Amino acid sequence: MYRKSTLSNGVRVITEAMPHVRSASLGIWADVGSAAERREQRGISHLVEHMLFKGTERRSAREIAETMDAVGGNLNAFTDKEATCYYAKVIDHHVPLAVDVLADMFLHSTFAPAELTKEQRVVLEEIRMYDDSPDEMIHDLFTRTMWTGANLGDPTIGYAETVSALTADDLRHHLHDRYAPNTVLFAAAGNVDHEAFAALVDGAFAGFGGRSQAPVPERPELTPSLTIKTKDTEQAYVVLGTQGLSARDERRYALSVLDTILGGGMSSRLFQEVREKRGLAYSVYSFQQGYREAGLFGVSAGTSPGSVQECVDVVVDELVRLAESGPTDAEIDLAKEHIKGSLTLSLEASSSRMIRLGRNEFNLERHVTIEEIERRVDLVDADAVLALARELFVPERLGLCVLGPLDEAAVRWRRDAA
């Protein structure tokens with residue numbers, strides 16, 4: 001089902017066949033994200049992503065959109081802190097067209113100055129949109145608080161002043177320096193034949209050469225603190241967290257079990273204690289942010305401004321309880337089945353499988369099968385979760401961020417939590 005080959009110019013081609021579906025998802029991945037940017041160019045990777053949709057030597061921006069719309073396809077992209085992906089989802093017999101469009105955008109975008117000016121305005125509106133979305137804003141605030149001064153701590157989208165200062169030459173230099181066969185792969189999942197797909201990519205990338213220096217994964221210093229940002233909102237948004245694990249850490253399976261027990265579903269400790277028993281929040285959950293050499297773990301909740309202190313105290317108490325007593329065997333069993341079931345359901349979509357192909361290749365340099373994940377999850381026991389909880393939930397590593405209509409005096413921050 002999984003195949004990987006390398007073209008003569010160095011571009012990796014990775015596929016996962018799903019012969020029972022009629023769709024195919026394919027994506028060009030570049031091994032660069034915001035963590036590899038110079039601080040004065042923060043947001044350049046994301047702006048490049050936008051500009052690749054704005055016209056090539058063969059197609060205008062409208063023609064790119066119409067070409068995919070005409071076959072019912074979906075064309076999009078995303079930039080994160082360590083990678084960029086340009087992807088399409090189409091009916092299987094339109095794969096050649098999708099390869100042609102994606103390769104044309106990736107290799108032949110013109111970066112017309114007039115289009116750049118318009119797209120900079122679009123990105124500035126996107127920044128304002130995030131600023132008006134407190135549930136997005138609080139997570140950016142948390143990452144910056146925990147990794148102050150680090151590239152991983154800054155928002156991928158950049159800042160208004162850095163995005164506005166970028167020029168077309170800056171974007172071209174970024175592509176020249178970062179987009180090369182050794183840092184690019186083309187992944188596809190769905191009803192695709194590997195040999196046929198590789199031949200399509202080989203033809204589309206025939207003139208693509210050069211070499212780029214792969215980014216060095218960042219290991220930022222943890223800088224936990226209390227950060228309160230006053231904003232006129234109906235709710236107060238709370239994120240409390242600590243150091244997590246990297247995407248390469250072999251204990252990530254134990255962390256997934258811990259995450260599920262603590263705040264991964266309706267039966268989780270936090271959901272039951274914060275929402276069901278006390279009615280403090282509608283939404284409360286735990287989460288992981290795993291990068292190649294670093295990670296964060298946190299708990300997010302939205303509550304009324306007058307309930308922030310109680311909500312924080314309850315979350316801290318749950319961290320303490322897990323670190324002191326560990327999970328029960330019943331919780332371990334339930335979490336394992338939850339993780340395996342969620343994974344299986346998510347992988348019914350070709351797009352999810354394509355994204356796994358790209359992330360695994362960049363993060364781990366290998367394919368991780370569903371069977372391996374299930375086996376590793378099944379090996380997690382209560383002792384492993386307890387040891388991890390005691391390592392992570394250390395008072396000096398806990399940070400708290402609150403966004404809402406209150407000031408710092410409104411929150412008594414307990415750092416003697418674990």
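## Terms and basis

Helices (H or I, at least four residues) and strands (E, at least two) are runs assigned by DSSP and numbered from the N terminus. The structure is a predicted model, in which local features need pLDDT of at least 70 and side-chain atom pairs count only at pLDDT 80 or more, whereas totals for chains, interfaces and linings use all residues. Residues are numbered from 1 along each chain as its sequence is written, and side-chain values use heavy atoms, with hydrogens and water left out.

## The five-stranded sheet

An open sheet is formed by 5 strands in the order E7-E11-E8-E10-E9, with mixed pairing; two strands pair if DSSP finds at least two bridges between them. Strand E7 (226-230) and strand E9 (284-290) are the edge strands, each pairing on one side only. From one strand to the next, the twist averages 15°; axes are lines fitted to C-alpha atoms, for helices over the stretch in contact, and angles run from 0 to 180 degrees between N-to-C directions.

E9 pairs with strand E10 (residues 295-303) in the antiparallel sense over 7 bridges. Opposite Val-284 stands Ala-301 in E10. Helix H5 (residues 134-146) packs on the sheet and touches E7, strand E8 (236-243), E9, E10 and strand E11 (399-404), contact meaning heavy atoms within 4.5 Å. The direction of H5 makes about 30° with that of E8.

## The largest pocket

Pockets are found on a 1 Å grid over the protein atoms alone: a pocket is an open set of points where a 1.4 Å probe fits, with protein on both sides within 12 Å along at least five of seven lines, and lining residues have an atom within 4 Å of a point. Grid points are joined across faces, edges and corners, and a volume is the space filled by probe spheres set on the points.

The largest pocket holds about 1,300 Å³ of space. It is lined by 36 residues, of which Ala-247, Arg-252, Ser-256, Gln-288 and Arg-359 are the closest to its centre. Helix H9 (252-263), E9, helix H12 (329-346), helix H13 (350-363) and helix H14 (370-378) each give two or more residues to this lining; H13 gives the most, with 8 residues.

## The second largest pocket

The volume of the second largest pocket is about 540 Å³. Among its 20 lining residues, Lys-81, Tyr-130, Glu-136, Asp-140 and Thr-156 lie nearest its centre. H5, the helix that packs on the sheet, gives the most to this lining, with 4 residues.
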